[in-house]
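Colleague: I am new to this structure and should like to learn how to read it. Might we go through it together, feature by feature?

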Amino acid sequence: MRELAAENRAPISVLFYHRVADCYPNDWTISREQFVRHINYCREHFEIISLAEAQSRLQKKHSPRPAVVITFDDGYAENMRYAIPWLISNRIPCTYFVTTENVRHGWPFRHDIENDQPLDVNTVEQLRAASQCGIEIGLHTANHVDFNCIATRSELESEIVDAKMDLEIMIGRQVDYFAVPYGMPQQMRPAVIETAKACGLRGICSAFGGYNMVGEDPFHIRRIHGDPDFVRLRNWLSFDERKFRHNPTLPTDDVLEETGVSGKSSATGTGKDATLSATADLMDSASLLGGASLLPNSTFQT
């Protein structure tokens, strides 16, 4: 790590979480205590930066310090009761990826239904409030689809292009980053990456592990699961050249059927008053957790 930092090539690790809570209906939930332990460990040993700052360092080929980025996938309502207010109160940057149709309709995620544990999802008001308090909201498709099963261009555009526009209407801000559901090499298809670039997204995130190193394509951001096993987290955050050398190869060939553009419904909100109320709730939660008072539209310093 010291040698790489001296050469301005320090690795950037991007962690992703799903749900922070003290009940465990699934394998992608981590306790509040463990989550805080993870973040405090990162604060002690790394610089915690935003996704935009990480990408900037990769683009400029200037990475002087080992750094970590915090992200979330899916959009569980439970996160707004503790994890997100705690990050806000501690001025820790975070990108929060959500699926638009689950948010719009309040539908539990299909993987939770199949697990016989349907869980509450975030509302539009919660996302607006978190955004106004400095949390970056990112796209995780419209319906949490498996891109390995997508056959037509219209489906692809509905899940990325249309969903991006819907999310921007929901939160009233530009959406810059996209996390691919499942995020394995087979989902990181050329058509997915090309569609993300074409609609103006600044970066696309996978989930199969790996470091982000100077000299690599900064549009593709590699992420590591924030494993509840603390020893495994520490192992991943240390630098191991064997992991770096054995990055999986992404597919290079792709074929999509050309069909008409699919229809889509417009995003709906529930008004300014509900947004202000949700913002106040988040700010009150952060204050109770020991943070200073927060102002809407506050920004994090990297």
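Predicted model: local features only at pLDDT ≥ 70, side-chain atom pairs only at ≥ 80, totals over all residues.

**Confidence first**

Modeller: Over residues 260-272 the pLDDT stays under 50, although the model has 22 contacts beyond four places in sequence for this stretch. Where pLDDT is low, the coordinates should not be read in detail.

Colleague: How many contacts beyond four places in sequence does the model have for residues 285-302?

Modeller: For residues 285-302 there are 37 such contacts, and there too the pLDDT stays under 50. For the chain, the mean pLDDT is 87, and 85% of the residues reach 70 or more.

Colleague: What does the secondary structure of the chain come to?

Modeller: The chain has twelve helices and eleven strands. Of its 302 residues, 56% are buried. Contacts can also be sorted by separation in sequence: among those between residues at least 6 apart, 73% join residues at least 24 apart.

Colleague: How should I read a single residue? For example, is Asn79 buried or exposed?

Modeller: One compares the relative accessible area with a cut-off, and under 20% counts as buried. Asn79 has 0% relative accessibility and is therefore buried. Asn79 belongs to the loop between β5 (67-72) and α4 (83-89).

Colleague: Which side chain makes a polar contact with the side chain of Asn79?

Modeller: That partner is Tyr96, at 3.1 Å. Beyond four places in sequence, Asn79 also touches other residues, among them His18, Arg19, Val20 and Phe72. Ile84 and Pro85 are in contact with Asn79 as well.

Colleague: Why does His105 count as partly exposed?

Modeller: The class lies between the cut-offs of 20% and 50%. His105 is partly exposed because its relative accessible area is 40%. His105 is part of helix α5, which covers residues 100-105.

Colleague: Let us turn to pairs of helices. At roughly what angle do the axes of α7 and α8 cross?

Modeller: The axes of α7 (residues 124-132) and α8 (residues 153-171) cross at roughly 75° and come within 8 Å. Angles of 65 to 115 degrees count as roughly perpendicular, and α7 and α8 are therefore roughly perpendicular to each other. On the α7 side, the contact is made by Val124, Leu127 and Arg128; α8 contributes Leu167, Ile169, Met170 and Ile171.

Colleague: How many of the residues in this contact of α7 with α8 are nonpolar?

Modeller: Six are nonpolar, one is charged and none is polar.

How values were computed: Residues numbered from 1 in each chain as written. Heavy atoms only, no water. Helix = DSSP H or I, 4+ residues; strand = E, 2+ residues; numbered from the N terminus. Buried < 20%, exposed > 50% of the residue type's maximum accessible area, 1.4 Å probe, protein only. Polar contact = N/O pair within 3.5 Å; in protein donor to acceptor, adjacent residues only side chain to side chain. Contact = heavy atoms within 4.5 Å. Axes fitted to C-alpha atoms, helices over the stretch in contact; angles between N-to-C directions. Parallel < 35°, antiparallel > 145°, perpendicular 65-115°, else oblique. Nonpolar A, V, L, I, M, F, W, Y, C, P; charged D, E, K, R; others polar. pLDDT = per-residue confidence, 0-100.
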